[in-house]
Amino acid sequence: INAEYMGTVFNRIIEINMSLVEQAKQKAAYAAVDEFVKSGMTVGIGSGSTVVYAVERIVQKVKTGELHDLICVPSSFQAIQLITEGSLKLSNLNISPVIDVCIDGADEVDDKLNAIKGGGACQTQEKLVASCSKVFVLICDYRKDSKVLGEQWKQGVPLEIIESAYVPVMEKIRKMGGNPVLRMAVKKAGPVVSDNGHFIVDADFGLIKDPAALHQSLKLITGIVETGLFVGMAVKAFFGQADGSVVSRVV
């Protein structure tokens with residue numbers, strides 16, 4: 001068997017696995033929208049690749065007349081684009097401070113529905129929208145389901161940090177036992193900059209058995225705007241499975 005053939009087989013396996021992941025994301029997103037989004041609601045739109053499918057489902061149901069009179073509050077520039085491209089009504093927290101339901105993805109979810117978010121550097125605005133929501137729902141594929149945070153997601157807790165303070169903040173994180181890394185951009189020179197104009201630091205604390213305590217400790221560090229730990233916020237999580245089914249979990 002030559003190397004070229006093996007390379008083709010390997011690439012095909014990757015394609016199949018990725019298609020299963022995308023299918024799982026779509027199934028979870030559709031299930032959440034079908035259960036929680038009703039006509040006349042103000043809906044918080046999260047960020048990330050799975051949320052694309054949630055907006056896709058909302059747009060489908062608006063076009064068929066199943067949903068109407070929705071107001072959408074975005075959590076990022078990406079979310080604004082999804083809302084406007086779907087011809088949905090765009091609002092913001094200052095106009096619509098009370099949100100009926102927010103649907104968002106996650107990088108990892110533990111067995112108590114605590115989550116790590118911020119892989120897309122949107123955690124501060126995502127948390128703002130989620131905190132103004134009567135109901136917060138998570139949508140994920142099967143890779144994001146864990147018993148304890150840090151089990152699957154190995155990149156650390158995303159932290160939004162004021163640019164002028166990133167060096168002392170990282171030093172304080174090290175003293176807490178964390179391993180902080182300034183997140184660097186891929187298609188620009190220098191670091192990732194959030195929608196709010198701040199740096200993102202990913203801090204690895206290993207397995208996080210008490211996310212509430214860690215979140216509180218991090219928030220006491222001056223210079224940290226917000227953490228990517230979403231503790232005690234979600235009421236339900238939907239996990240799309242590789243076999244096409246959806247598993248849900250409530251607190």
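The side chains of Lys112 and Asp111 meet in a salt bridge, with N and O 4.0 Å apart; a salt bridge here is a side-chain nitrogen of Lys or Arg within 4 Å of a carboxyl oxygen of Asp or Glu. Lys112 is exposed, at 57% relative accessibility, whereas Asp111 is partly exposed, at 41%. These classes rest on relative accessible area: buried means under 20%, exposed over 50%, and partly exposed in between, with a 1.4 Å probe and protein chains only. The model is predicted, so local features need pLDDT of at least 70 and side-chain atom pairs count only at pLDDT 80 or more, while totals for chains, interfaces and linings use all residues. Residues are numbered from 1 along each chain as its sequence is written, and side-chain values use heavy atoms, with hydrogens and water left out.

## Salt bridges

Side chains of opposite charge can pair when their charged atoms come close. By the rule above, the count comes to 15 salt bridges. Three of them are set out below.

| Pair | N to O distance | Accessibility of one partner |
|---|---|---|
| Lys112 and Asp111 | 4.0 Å | Lys112, 57% |
| Arg57 and Asp34 | 2.9 Å | Asp34, 31% |
| Glu171 and Arg174 | 3.3 Å | Glu171, 37% |

Helices (H or I, at least four residues) and strands (E, at least two) are DSSP runs, numbered from the N terminus. Asp34 is partly exposed, and a network of salt bridges links Asp34, Arg57 and Lys61.

## Nonpolar cores

In soluble globular proteins, nonpolar side chains tend to be buried together. A nonpolar core is defined as a set of buried Ala, Val, Leu, Ile, Met, Phe, Trp, Tyr and Cys residues joined through side-chain atoms within 4.5 Å. The largest such core has 28 residues, and the members that touch the most others are Val37, Val43, Ile45, Val101, Ile103 and Ile139. Two or more residues of this core come from each of helix H1 (3–36), strand E1 (42–45), helix H2 (49–63), helix H3 (77–85), strand E3 (99–104) and strand E6 (133–141). Another core, of 21 residues, lies apart from it; Ile116, Ala203, Ile221 and Leu229 are among its members.

Contact means heavy atoms within 4.5 Å. Not counting residues up to four places away in sequence, Ile139 touches Ala28, Ala29, Ala32, Thr50, Val51, Ala54, Ile103, Asp104, Gly105, Ala106 and Phe238.

Thr42 is found in strand E1 and is buried, at 10% relative accessibility. Leaving aside neighbours within four places in sequence, Thr42 is in contact with Ile71, Val73, Ser96, Val98, Ile99, Asp100 and Val101.

## Cysteines

A disulfide is a covalent bond between the sulfur atoms of two cysteines. The criterion applied is a pair of cysteine sulfur atoms within 2.5 Å, and the structure holds zero disulfides. The sulfur of Cys122 is too far for a bond, because the closest cysteine sulfur, in Cys102, is 12 Å away. Cys122 is buried, at 13% relative accessibility. Cys140 is likewise in no disulfide, and the nearest cysteine sulfur, again that of Cys102, is 13 Å away. Cys140 is buried, with a relative accessible area of 1%.

## Surface patch and backbone features

Phe77, Ile80 and Leu90 make a nonpolar surface patch of about 260 Å². Patches are made of residues with over 30% relative accessible area and no salt bridge, like charges being joined within 9 Å and nonpolar side chains (Val, Leu, Ile, Met, Phe, Trp, Tyr) within 5 Å. Accessible areas come from the Shrake-Rupley method with a 1.4 Å probe, and for residues only the protein chains shown count as cover. Ile80 lies in helix H3 and is partly exposed, at 31% relative accessibility.

Asp69 has a positive phi of about 55° although it is not a glycine. This residue is found in the loop between H2 and strand E2 (71–74) and is exposed, at 60% relative accessibility. Leu113, also not a glycine, has a positive phi of about 70°. Leu113 is found in the loop between strand E4 (108–109) and strand E5 (115–116), and is buried at 1% relative accessibility.
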